[in-house]
Amino acid sequence: MKQNEPEILGFIGLGVMGGPMCANLLNKSGRKVVAYDSAQPAADEAASHGAELAASVAQVAEQADIVFLSLPAIDQVETVCEAILAAPRRPSLIVDMSTSNVSRTRALATRLAAEGIAFLDAPVARTKQAAVDGKLFISVGGAEQDFARVAPYLNCMGSDVLHCGEAGSGQIVKILNNYMVFMTVNALSEAITIGRQAGMDADKLLSLLSQGSADSFVLRNHGMKSLARDDFPEKTFPMTYAIKDCSLALDLAREGGFSPRIGAYTHDMMCRARDAGFAQNYHPAVIKLIDGSVKADLPERV
């Protein structure tokens, strides 16, 4: 980038979350965005919003000053970063908006720094609709000056953008945020089951609980909009995504020598729900196993 020229942005990974995030970046930043996804329909959708399509990761790296990533897991993030390192020209900053393993994220940040590329981990939380609306929760780890540089772009995609500390801190906050959501969904599932068995309608129960000290974001959203209505659509943060994020939290616990019980139970129930056929359903579908409405013949999990 020449002095006083506007930064060119890159975006790699245009899936369920990345697609609308890229669209908001295009519509609000006023910057040229070069985008890439191996799935042509996703790439075409980004092009319809004004993105300039690249034929490869290397082509994004050769043009962009800052590259944003929205990928399934750390394996893909590492592979893409290696491709960026191999490009003839490199961006000065990579922003990983995927949800990834903390220790591997920190190792990647160190590797990129040795090659002269700054790195921020900036995973996102909330729903696909929040991605469409530009109202994601974005927790960021990395150097303060790098955060200041990208904050205007992150604000195009999120309504709550927080600098959490050094590299890996954004991942910690995101992972534990979701970890708390999953455990709360399990607790609400049990409360609804008990209430229904005692003769109370779930909508009424949650409406009343929301007026007391049991109120929470999860109760009003996952509870009222999904659990009480038995509505668990596909392509809305499916069970497989929830299991992945919960697994990351449990990995982080093990690395610190801690063995959580509530989280382990929550992870086990979601795995059982996945195996019972709810892999692609919205993750509160775990209530189907908790309340016994689905009596899957599943082996004991270790």
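## Exercises on loops, helices and rings

Lysine 235 sits in the loop that runs between H10 and H11. The structure is a predicted model. Work through the tasks below with it in view.

### Exercise 1: H11 against H12

Task: find how the axes of H11 and H12 cross, and list the residues that meet.

Solution. 
- Step 1. Recall what is needed. Two packed helices are described by the angle between their axes and the distance between the axes.
- Step 2. Take the values. Helix H11 covers residues 239-255 and helix H12 covers residues 262-278; their axes come within 10 Å and cross at roughly 155°.
- Step 3. Classify the angle. The cut-off is 145 degrees, and angles over it count as roughly antiparallel. H11 is therefore roughly antiparallel to H12.
- Step 4. The crossing of H11 past H12 is left-handed.
- Step 5. List the contact. H11 brings Met239, Ala242, Ile243, Cys246, Ser247 and Leu250; H12 brings Gly263, Ala264, His267, Met270, Cys271, Ala273, Arg274 and Phe278.
- Step 6. Sort by class. The contact of H11 with H12 holds 10 nonpolar, 3 polar and 1 charged residues.

### Exercise 2: the cover of H12

Task: name what covers the buried residues of H12.

Solution. 
- Step 1. Pick out buried residues. Among them in H12 are Thr266, Met269, Arg272 and Phe278.
- Step 2. Visit H8. Threonine 193 has its place there. Its relative accessibility is 11%, so threonine 193 counts as buried.
- Step 3. Find its partners. Leaving out residues up to four places away in sequence, threonine 193 touches Ile287, Ile290 and Asp291.

### Exercise 3: H1 against H7

Task: describe how H1 passes H7.

Solution. 
- Step 1. The axes of helix H1 (residues 18-29) and helix H7 (residues 144-157) come within 8 Å and cross at roughly 120°.
- Step 2. The crossing is right-handed.
- Step 3. From H1, the contact takes Met21, Asn24, Leu25, Lys28 and Ser29; from H7 it takes Tyr153, Cys156 and Met157.
- Step 4. The contact of H1 with H7 has 5 nonpolar, 2 polar and 1 charged residues.

### Exercise 4: aromatic rings

Task: count the aromatic pairs, then describe two of them.

Solution. 
- Step 1. The count comes to 4 aromatic pairs.
- Step 2. Phenylalanine 11 and phenylalanine 68 are stacked, 6.2 Å centre to centre with 20° between the planes.
- Step 3. Phenylalanine 11 is in strand S1 (residues 9-12) and phenylalanine 68 in strand S4 (residues 66-69), 57 residues apart. Both phenylalanine 11 and phenylalanine 68 are buried.
- Step 4. Phenylalanine 237 and tyrosine 241 pair edge-to-face, 5.8 Å centre to centre with 90° between the planes.
- Step 5. Phenylalanine 237 has 24% relative accessibility, so it counts as partly exposed. Tyrosine 241, at 41%, also counts as partly exposed.
- Step 6. Phe11, Phe68 and Tyr153 form one aromatic cluster.

Notes:
Residues are numbered from 1 along each chain as its sequence is written. This is a predicted model: local features need pLDDT of at least 70, side-chain atom pairs count only at pLDDT 80 or more; totals for chains, interfaces and linings use all residues. Side-chain values use heavy atoms; hydrogens and water are left out. Axes are lines fitted to C-alpha atoms, for helices over the stretch in contact, and angles run from 0 to 180 degrees between N-to-C directions. Helices (H or I, at least four residues) and strands (E, at least two) are DSSP runs, numbered from the N terminus. Angles under 35 degrees count as roughly parallel, over 145 as roughly antiparallel, 65 to 115 as roughly perpendicular and the rest as oblique. A crossing is left-handed if the near helix is turned anticlockwise from the far one by less than a right angle, and right-handed if clockwise. Contact means heavy atoms within 4.5 Å. Ala, Val, Leu, Ile, Met, Phe, Trp, Tyr, Cys and Pro count as nonpolar, Asp, Glu, Lys and Arg as charged, and the others, Gly among them, as polar. Rings of Phe, Tyr and Trp (its six-membered ring) pair if their centres lie within 6.5 Å; planes under 30 degrees apart count as stacked, over 60 as edge-to-face and the rest as tilted. Buried means under 20% relative accessible area, exposed over 50%, partly exposed in between (1.4 Å probe, protein chains only).
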